Amino acid sequence: MRHLIIASSSTIHGAEYLDYLLKDLTYFFKNTENILFIPYARPSGISHDEYTEKVGAAFSKINKTVTGIHTFENPIEALKKAKGIFVGGGNTFVLINQLYKNNLIDVLKTAVNNGTPYLGTSAGSNICGLTIKTTNDMPIIYPPSFNALGFVPFNINPHYLDPDTNSKHMGETRETRIKEFHHFNTHPVIGLREGSWLAVEGNSIILKGTLTARIFEYNKSPYEVEANTQLNNLK
């Protein structure tokens, strides 16, 4: 059975890294003391070591250790043997490019589909959808494919922001961008607001957190769903 937490963000305003999820992660990773961390997304261009150290400090609060996949001579074997996986945020294009480069896409799919718990935040959540075409990130590198892991039957837009009627910003809103996506694609998209996540158990996909999520379906008006809504029929 698959076990995933697909979170909009690693951090919410006023809190430390991963703090808002730690209580859930204690149970989620209850069967392992060590988490295999995939730091490839490199937020702000930080090194893999720096990123892993930051994640390790957060998991130490729940008595878990963290090992970066980049420290293994054979990352494929490391992923196969992992008892818990965390893929952090940063740039989605950089992340998926490195996964393809290291031949980890199919290995990661197999591990998660066979029951290895997977935590994703931001970019690590983007890659759980059908494609990465609804990421917010700049395409600073050209990956072999925009196709993602397909753990959920829709696309994800983490850090979803509602239009601010008081803003003087003249650029496109997130909703506009997703509507543009639907001129060329038919996949549903879920806009995950900060502090929200998807809890996946087998074929069950439930929205968690305290906020609603915004759903975009092809040729339909966007609509809101409440926390604890089952989303496995969104296709």
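Helices (H or I, at least four residues) and strands (E, at least two) are DSSP runs, numbered from the N terminus. The views below show a predicted model, in which local features need pLDDT of at least 70 and side-chain atom pairs count only at pLDDT 80 or more, while totals for chains, interfaces and linings use all residues. Residues are numbered from 1 along each chain as its sequence is written, and side-chain values use heavy atoms, with hydrogens and water left out.

**View 1. Asn185 sits in the loop between helix H7 (174-181) and strand S7 (189-191).** Is Asn185 buried or exposed? Asn185 counts as buried, because its relative accessibility is 16% and the term covers anything under 20% relative accessible area, with exposed meaning over 50% and partly exposed the range in between (1.4 Å probe, protein chains only). Once neighbours within four places in sequence are set aside, Asn185 is in contact with Lys133 and Tyr218, where contact means heavy atoms within 4.5 Å. With Lys133 there is also a side-chain to side-chain polar contact of 3.3 Å. A polar contact here is a pair of N or O atoms within 3.5 Å; within protein, one must be able to donate a hydrogen and the other to accept it, and residues adjacent in sequence count only if both atoms are side-chain atoms.

**View 2. Strand S8 (residues 197-201) pairs with both S1 and S9.** Two strands pair if DSSP finds at least two bridges between them. Strand S1 (residues 3-7) runs antiparallel to S8, with five bridges, and Ile6 has Leu198 as its bridge partner in S8. S8 and S9 are antiparallel as well, again over five bridges. How many residues lie between S8 and S9 in their hairpin? There are two, and Gly202 in the turn has a positive phi of about 65 degrees. As for cover, four of the five residues of S8 are buried, so to speak mostly tucked away.

**View 3. Lys208 belongs to strand S9 (residues 204-208).** Across the strand pair, Lys208 in S9 stands opposite Trp197. Leu198 is 10 residues away along the chain, yet its C-alpha atom is 5.8 Å from that of Lys208. Leaving out neighbours within four places in sequence, the contacts of Lys208 are Gly195, Ser196, Trp197, Ala199 and Asn228.

**View 4. Strand S10 (residues 213-216) is covered on both faces.** Ala213 and Ile215 are buried on one side, and Arg214 and Phe216 are buried on the other. S7 joins S10 in the antiparallel sense through three bridges, and the partner of Gly191 in S10 is Arg214. Strand S11 (residues 223-225) also pairs antiparallel with S10 over three bridges, with Tyr223 of S11 opposite Ile215. The S10 and S11 hairpin has six residues between its strands, and Asn219 in that turn has a positive phi of about 65 degrees.

**View 5. Glu33 and Lys64 form one of the 11 salt bridges in the structure.** Side chains of opposite charge can pair when their charged atoms come close. The term needs a side-chain nitrogen of Lys or Arg within 4 Å of a carboxyl oxygen of Asp or Glu, and the closest N and O atoms of Glu33 and Lys64 are 4.0 Å apart. Glu33 is in the loop between helix H1 (22-28) and strand S2 (34-38), and Lys64 is in the loop between helix H2 (48-59) and strand S3 (65-68), so the pair ties together parts 31 residues apart in sequence. Glu33 is exposed, with a relative accessible area of 51%, whereas Lys64 is buried at 8%.

**View 6. Glu175 forms salt bridges with Lys179 and Arg214.** Glu175 and Lys179 both lie in helix H7, four residues apart, about one turn of the helix, and their closest N and O atoms are 3.4 Å apart. Glu175 is buried, with a relative accessible area of 15%, while Lys179 is partly exposed at 45%. Between Glu175 and Arg214, the N to O distance is 2.9 Å. Glu175 lies in helix H7 and Arg214 in strand S10, so this pair ties together parts that are 39 residues apart in sequence. Arg214 is buried, with a relative accessible area of 16%. Through salt bridges with shared partners, Asp162, Glu175, Lys179, Arg193, Arg214 and Glu224 are joined into one network.
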